[in-house]
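Hi,

Here is the structure I promised to send over. Have a look at it first, and then read on for my notes on what turned up.

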Amino acid sequence: MSATTPSLPSRAEVLPPPTERYTALGWLRKNLFSTWYNALLTVIFSAIVVLLLRGFLEWAFTQARWEVITTNLRLFMVGQYPAAATWRAWACVILLALLIGLSWGIWGRNQRAGAIAFGALPFLLAILAQDEARVALLIVGVAGAVGFALSRWRGAQLQRISIIGWVVYFPLVILLISGFGGADGPLPLVTTNLWGGLLLTLLLTVVGIVFSFPLGVLLALGRQSSLPIVRALCVIYIEVIRGVPLITVLFMAQLMLPLFLPGVTIDRVVRAMAGIVLFSAAYLAENVRGGLQAIPRGQYEAARALGLNTWKMMLLIILPQALKAVIPILVGQFIALFKDTSLVVIVGLLDLMGIAKAVLAQPDFLGLQAEVYLFVALVYGVFCYLMSAFSQRLEARLSVGR
Amino acid sequence: MTEHNQPNEPIIICRDVHKWYGHYHALRGINMQVRKGEVVVIFGPSGSGKSTFIRTINRLEEHQRGEIIVDGIPLTHDVRDIERIRMETGMVFQQFNLFPHLTVMDNITLAPIWVRGWSKAQAEEIGMQLLRRVGIPEQARKYPGQLSGGQQQRVAIARALAMQPKIMLFDEPTSALDPEMIKEVLDVMIELADSGMTMVVVTHEMGFARAVADTMYFFDQGQIVESGTPEQIFGDPQEARTKLFLSQILSH
């Protein structure tokens, strides 16, 4: 049954596809000045852009009082987190850089420009920073480079270690940031009311993602279950949560969790985290359900015909395909969750947005909304962009064989 | 211990099998016995219930009346019995139903590893043997989407065989294939039949039936209209409906 490929007839030559090459001028002519009205539009819009940009740049470099950011940078980053424990936050970042470097080398492909830009970032920031922050940023940069070098050296063997690293990283961060024991212990406890700024925003986001994801998947599976009570409970949960704004859920979590668990005191940050997780899970469940519905019935039948039980079928066959199909939606959901954490301001937590409000209330910096909000927007924007870029990489990486 | 059984002992027993979709009576009292090593071909017009019937044998469809006994295990609502039967029956589908997110080799080894509990190395060794048997060992590391339809169906056969089933069920295995690929799949199936595998095949490939079938069943309107050896069915069909159908599919 061996298939022999017939050799191509010599007359039908195999030609390479035609390539288009442009000079810079040629590119301009083709894309911006192809007709007289396109040329006119190009000129008009360039004029508008220049005008706006000049106004902005003039303000940014001559009028804006950026010292509101530099003076309060620590506050923006970690809030009231004690100075003596700041090294723990840095340790988390350094570990993260190590893991990213390692993973980039193992799983990233042909992304030299991205790797260099990303690797140079901590060093560039180090130039801008001062004192201990500069030293810490240098260590971050070196950690990233070391991770990358390690992966180049022994990538294959380090694959498992790096996966374990990512799994352990999350609880380790919580342990490092919160600490335990008394003031004279190695890691004195830092109560959550001192957590703030970007640190709190990121922690809320990461906890939200890590816990709401499995919960959302379970809810999605439950909604498709053949057991009527399980299905009904999941549907009720999802529909109730989706019918209520996040603010309401956050308030409820603040007020009702203590009522449900009398005698147990749960601090406010954990209550906010619970609210975010419960809220996000309902939306995730619906997104995952969309992915589940995209899986043809034949996949279920093939899995069952091989003797797989329901759990193995779901974990090995259905969920990998369903989740892959909804990666863009899931990441969109995570980005929304990241930005929604700013709502914890209304239950009195000082995340990045809360700190911004607090800074604006400082007598020295009254009326500097533009500077402060622009900075906050930039921070949010950078993180959202990174998440989105990561999701695109992940999609490209997982689309093998399609 | 099944090795000590008589060679002609029935391995699939169906008695008065009925199936309804809502009010539609899809299977109306099917009686069939398949002996070990027998090759059964089921044919008939579309909507005659032949696919539904073959899918009741491994409980992809549930029958509502009558009894089905596969390899001595009666099909009931007991999930463990159903899974035991599925382990012993491989199934090949019209649309292949390979797992697109897994390589060819992972498609084949998944069930042996996760259901039979074999080691990865052992499963891959068997997987490679099977890929050689179906003629595409060089495709092991590719994904299903990179293969032609005929190659995909051969992988699907290898995947079903990897569980070392006692029975193979084929549900119109060549109906979704381009004409030039049908032969490569039928060749694999003929080789499998010659090796002594018990096979139940729903197909319109009458050449295949003539070559390897021991018994043919003609289905129409949820019933077995006629059954017999290929010689009887092709040479001397008894029922008018059988004659009509055969004349329709053999005329072109």
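Predicted model: local features only at pLDDT ≥ 70, side-chain atom pairs only at ≥ 80, totals over all residues.

Polar contacts between chain A and chain B come to 6 residue pairs, both partners being at pLDDT 80 or more.

Which helices of chain A each supply at least two residues of the side that touches chain B? They are H12 (297-305) and H13 (310-325). H12(A) gives the largest share, 8 residues. Sorted by class, that side of chain A has 10 nonpolar, 6 polar and 5 charged residues.

As for the contact as a whole, 21 residues come from chain A and 27 residues from chain B. The area buried between the two chains is about 2100 Å², and carbon and sulfur atoms give 65% of that.

**The cavity**

The structure holds 1 cavity of 30 Å³ or more, and the volume of the largest cavity is about 40 Å³. Both chains contribute to its lining: A:Ala302, A:Ala305 and A:Leu306 from chain A, and B:Gly90, B:Met91, B:Phe93, B:Arg159 and B:Ala160 from chain B. The lining divides into 6 nonpolar residues, 1 polar and 1 charged.

**The second largest pocket**

This pocket has a volume of about 1000 Å³. Its lining takes in 26 residues, and those nearest the centre are A:Gln224, A:Ser226, A:Arg304, A:Thr310 and A:Met313. H12 and H13 of chain A turn up here again, each giving two or more residues, along with helix H8 (197-223) of chain A and helix H2 (79-88) of chain B. The classes here are 11 nonpolar, 6 polar and 9 charged.

**Salt bridges overall**

Side chains of opposite charge can pair when their charged atoms come close. How many salt bridges does a search of the whole structure find? Over all chains, the number is 23. One of the pairs to look at within chain A is A:Arg223 with A:Glu239, whose side chains meet at 3.2 Å, N to O. This pair links distant parts of the chain, as A:Arg223 sits in helix H8 and A:Glu239 in helix H9 (residues 228-242), 16 residues apart.

That's everything for now.

Best wishes

Notes: Residues numbered from 1 in each chain as written. Chains lettered and ligands numbered in written order. Heavy atoms only, no water. Contact = heavy atoms within 4.5 Å. Buried area = accessible area lost by both parts, 1.4 Å probe. Polar contact = N/O pair within 3.5 Å; in protein donor to acceptor, adjacent residues only side chain to side chain. Helix = DSSP H or I, 4+ residues; strand = E, 2+ residues; numbered from the N terminus. Nonpolar A, V, L, I, M, F, W, Y, C, P; charged D, E, K, R; others polar. 1 Å grid on protein atoms, 1.4 Å probe; cavity = no way out; pocket = protein on both sides within 12 Å on 5 of 7 lines; lining within 4 Å. Points joined across faces, edges and corners; volume = space filled by probe spheres on them. Salt bridge = Lys/Arg side-chain N within 4 Å of Asp/Glu carboxyl O.
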